[in-house]
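Take a look at the structure below. Then read on, one section at a time.

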Amino acid sequence: MEANKLNTNEELKTHKSPSGFSIIWRELVRDKLALISLIFLILITAFVYGVSFVLDQEEIVTVDLFSIHEPPSEEFWLGTDYGGRDIFGQLIIGTRNSLSIGILVTLMSGLIGIVFGLVAGYFGGHVDNVLMRILDFFQILPFLMIVIVFVAIVPKYSIWTFSLIMTAFLWMGIARLIRSKALQEKELDYVQASKTLGSSNIKIIFTQVLPNITSLIIVTMTLNLAGNIGLESGLSFLGFGFPESTPSLGTLLSYARNPQTLEYRWWIWVPASVLILLLMLAVRNVGEALKRATDARQRRG
Amino acid sequence: MIDMWKFTLRRILIMIPQIILLSILIFILAKMMPGDALTGMIDPNVSPERLEELREKLGWNDPWHIQYADWVGGLVQGDFGQSFRFKMPVTELIGERIVNSFWLSVATLIFTYLIAIPLGILSGRYNDSLLDQTITGYTYLGFATPLFIFALVMLWVFGFMLGWFPTSGSVSPGSEPGTFAYVMSKINHLILPAIAMALIATVNTVQYLRSEIIDTKQKDFILTARAKGASESRVYNRHILRNSLLPIAAFFGYEITFLIGGTIFVETIYNYPGMGLLFFESITLRDYSVVTAVVLLFGVAAILGALLSDIILSLVDPRIRIK
């Protein structure tokens with residue numbers, strides 16, 4: 001019975017090949033978890049960016065010595081930290097900052113990785129060899145330590161330098177992936193045909209090969225976003241991410257490095273932990289659904 | 001076999017420029033760090049002119065390539081300079097700390113494989129059962145949980161709330177080295193951080209083993225073994241496992257990279273005096289000669305780990321050798 005239904009479905013589908021968006025949409029609707037995750041992400045993004053227009057970061061991070069370490073109450077929904085700063089406000093600002101830096105780093109490392117991978121894969125041969133040795137070297141570096149050292153010694157440290165440092169050591173994964181795809185792609189007829197017609201290499205790479213691998217790029221960058229949110233919060237947790245004046249979710253967790261806070265003042269660090277976990281799970285769920293949508297063999301819908 | 005040696009040799013040759021590049025990068029970083037070893041030993045009675053003289057004598061006004069050569073020369077002889085915070089040679093300091101980190105890593109690896117192999121096998125053997133779904137659920141959550149959050153929660157629950165494990169240090173104060181109680185106290189301090197790290201580190205291995213076993217159990221040679229009348233346990237233990245465990249062994253080297261990142265978080269959270277905590281303390285207190293040495297050692301460890309993995313992989317899969 002079930003098999004029959006599937007068969008008729010298959011037949012219906014062959015009539016018209018569905019557009020990219022409708023495939024993704026169908027996959028998301030089939031995968032309830034991914035749909036819920038997507039709605040959650042949209043709501044929370046809209047909420048934190050919306051509220052932070054009203055909410056003043058300066059006001060949130062101003063030290064208030066009369067309300068240090070208050071437990072959750074009517075006035076402070078999630079209590080206060082050691083500087084008397086409202087945790088709930090910091091949570092909103094922190095989520096916004098974590099999301100922003102996650103997206104920024106993902107986009108920048110994606111850009112470098114895509115260009116690097118496309119050039120290595122498309123030209124192949126010696127170019128590929130040299131570029132891949134450079135990539136190997138970056139990949140072998142102890143990422144966390146090098147980033148921390150850079151953060152500690154860079155003068156005029158700001159959000160921008162922080163994201164640049166992270167980007168500098170995070171582009172390799174996507175570059176490798178794009179390269180292997182570009183190696184396959186350049187053997188295909190359309191590239192050969194375009195070459196015969198006399199298109200320049202740059203034109204082929206960026207206007208012909210690139211559009212053909214967009215789905216791979218979108219999937220990888222979505223999955224990277226989850227990882228980058230985790231990395232940023234980890235660095236902030238150690239005290240080498242955002243300064244306290246621009247709290248991120250990791251900053252709230254870093255207060256738990258104090259055993260007193262860890263043991264007795266859960267309201268400071270538990271909400272941020274849960275939020276990081278939920279954000280990472282939600283982004284990953286959406287990413288996995290997108291991945292299935294782009295691979296016809298794995299599609300559920 | 002000749003192939004094998006050729007591959008290993010070529011792989012080692014690739015490693016040498018990597019180590020040289022790493023050392024240059026770290027040298028540049030060290031030069032960018034504010035202050036030098038003399039700022040650390042500063043004595044108000046020494047005049048700035050005398051300091052300048054000392055700098056000249058120690059060769060710090062030489063061109064960079066000579067300084068680099070001197071620095072590398074020192075490293076080769078095991079001279080990493082002086083820690084200004086601990087007032088002792090960096091080599092000695094690291095010697096103390098590296099033992100703790102070594103045992104923590106060993107414990108973590110033991111727990112990782114103790115957890116990962118049974119879970120992976122069960123999950124692959126009974127795939128799509130309730131048990132498999134539970135294990136897959138664990139890997140799904142474990143994959144998304146950042147190590148430091150998990151380590152914090154473990155410390156909170158088992159260290160503070162239940163009080164089953166000590167919450168900081170590597171041994172109880174006052175224990176006598178060499179006694180049985182000392183060793184037990186050491187182990188007791190290791191368990192919680194090691195399990196915390198292992199539970200996150202297993203995730204990849206479990207997933208890999210599961211899909212390997214699911215793949216392998218439909219292959220022809222397994223059907224043949226079953227057709228010959230081999231018992232189910234023999235099929236799994238003799239035929240399937242042998243094929244699936246080797247790649248797991250190959251990941252061993254890459255685990256080192258994870259451990260390096262992991263120790264910084266876990267040792268900081270559990271206040272465990274190993275290399276990770278040493279790195280964290282030194283960079284916070286700007287004790288740069290220590291920072292340089294730790295980064296260099298960890299970098300070399302990661303390079304060696306990758307080498308080890310590649311060699312094991314080439315043993316397992318001959319296709320890798322022909323490249």
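## A stretch of chain A

How much helix and how much strand does the chain have over residues 33–55 of chain A, and how far apart are the end C-alpha atoms? The stretch is 96% helix and 0% strand, and the end C-alpha atoms are 31 Å apart. Helices (H or I, at least four residues) and strands (E, at least two) are DSSP runs, numbered from the N terminus.

The UniProt record, an unreviewed entry, annotates residues 33–55 of chain A as "transmembrane region". UniProt positions follow the numbering used here, feature names are shortened, and annotations may be inferred rather than shown by experiment.

## The model

This is a predicted model: local features need pLDDT of at least 70, side-chain atom pairs count only at pLDDT 80 or more, and totals for chains, interfaces and linings use all residues. Residues are numbered from 1 along each chain as its sequence is written, while chains are lettered from A and ligands numbered from 1 in the order in which they are written.

The model scores ipTM 0.82 and pTM 0.83. Chain B averages a pLDDT of 82 (the predictor's confidence in each residue, from 0 to 100). In chain B, 91% of the residues score at least 70.

## Inside chain A

Chain A has 15 helices and zero strands. Of its 301 residues, 41% count as buried. Buried means that 20 or more other C-beta atoms, placed from the backbone, lie within 10 Å of the residue's own.

Look at helix α12(A), residues 214–238. In α12(A), 18 of the 25 residues are buried. Gly239(A) follows, with a positive phi near 95°.

## Inside chain B

Chain B has twelve helices and two strands. Its C-alpha trace spans about 85 × 55 × 35 Å along its principal axes. Buried residues make up 34% of its 323 residues.

## Where the chains meet

The contact takes 30 residues from chain B and 29 residues from chain A. Two residues are in contact if their C-beta atoms, placed from the backbone, lie within 7 Å. On the chain B side, α12(B) gives the largest share, seven residues.

By class, the side of chain B that touches chain A has 24 nonpolar, six polar and no charged residues. Ala, Val, Leu, Ile, Met, Phe, Trp, Tyr, Cys and Pro count as nonpolar, Asp, Glu, Lys and Arg as charged, and the others, Gly among them, as polar.

Methods. The expected span of a helix is 1.5 Å times one less than its number of residues. A residue is buried if 20 or more other C-beta atoms lie within 10 Å of its own, exposed if 12 or fewer, and partly exposed in between; C-beta atoms are placed from the backbone.
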